[in-house]
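Okay, everyone, let me put this one up on the screen.

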Amino acid sequence: MEILDYVADVFYVPRSDRRKLKKRKQLQTVEIKVKMDCEGCERRVRKSVESMKGVTSAEVDPKHSKLTVIGYVDLGKVLWRVRHRTGKVCDFWPYVPYDLVDHPYAPGAYDKKAPRGFVRNVLQDPQASTLARASSAEVKYTTAFSDDNCVVM
């Protein structure tokens, strides 16, 4: 019996070390800006990411030069894959609808190359422009004179 106990102690592997479970990636939406000139470019961009493991869907919007990938993927790997497979210059989608920015026509937010109705995302990039974000004094004055604060005497 002592020999069996000794052998069991030598070859004992704790339950947590037996099999390291991989952390499952979360469902993400990746938006990438890629310049596409023709239908062949669209097809090449779509095929570059459709074969990736974990991709649920890939949509191409040639009007806005935008690729939207939904799936259990890593953001950097998707961007690298599009760059590597297509040879095109691409970057993460830098635009937001102009309704979300306090001052959409400020020098840091307004971009001539942006699709219609979109401006640069100055909310995530603090160095883009301080003019595009409203100061606390501006917010205080605009809310003071809003219709919600109207009191009839």
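So, which residue in the turn of the S2 and S3 hairpin has a positive phi? That's Ser65, at about 55 degrees, and four residues separate the two strands of that hairpin. Quick housekeeping: this is a predicted model, where local features need pLDDT of at least 70, side-chain atom pairs count only at pLDDT 80 or more, and totals for chains, interfaces and linings use all residues. Residues are numbered from 1 along each chain as its sequence is written, and side-chain values use heavy atoms, with hydrogens and water left out.

When I say strand or helix, I mean DSSP runs numbered from the N terminus: E, at least two residues, for strands, and H or I, at least four, for helices. Two strands pair if DSSP finds at least two bridges between them.

Now the sheet. It's open, with four strands in the order S2-S3-S1-S4 and antiparallel pairing. S2 and S4 are the edge strands, each pairing on one side only. From one strand to the next, the twist averages 25 degrees; axes here are lines fitted to C-alpha atoms, for helices over the stretch in contact (heavy atoms within 4.5 Å), and angles run from 0 to 180 degrees between N-to-C directions.

Going across, S2 (residues 55-61) pairs with S3 over six bridges, and Ser57 stands opposite Ile70. S3 (residues 66-71) also pairs with S1 (residues 28-34) over six bridges; there, Ile32 partners Leu67 and Gln28 partners Gly71. S1 and S4 (residues 90-92) share three bridges, with Val34 partnering Cys90.

Last, the helices. H3 (residues 39-50) lies across S1, S2 and S3, at about 165 degrees to S2. H4 (residues 75-86) lies across S1, S3 and S4, at about 165 degrees to S4.
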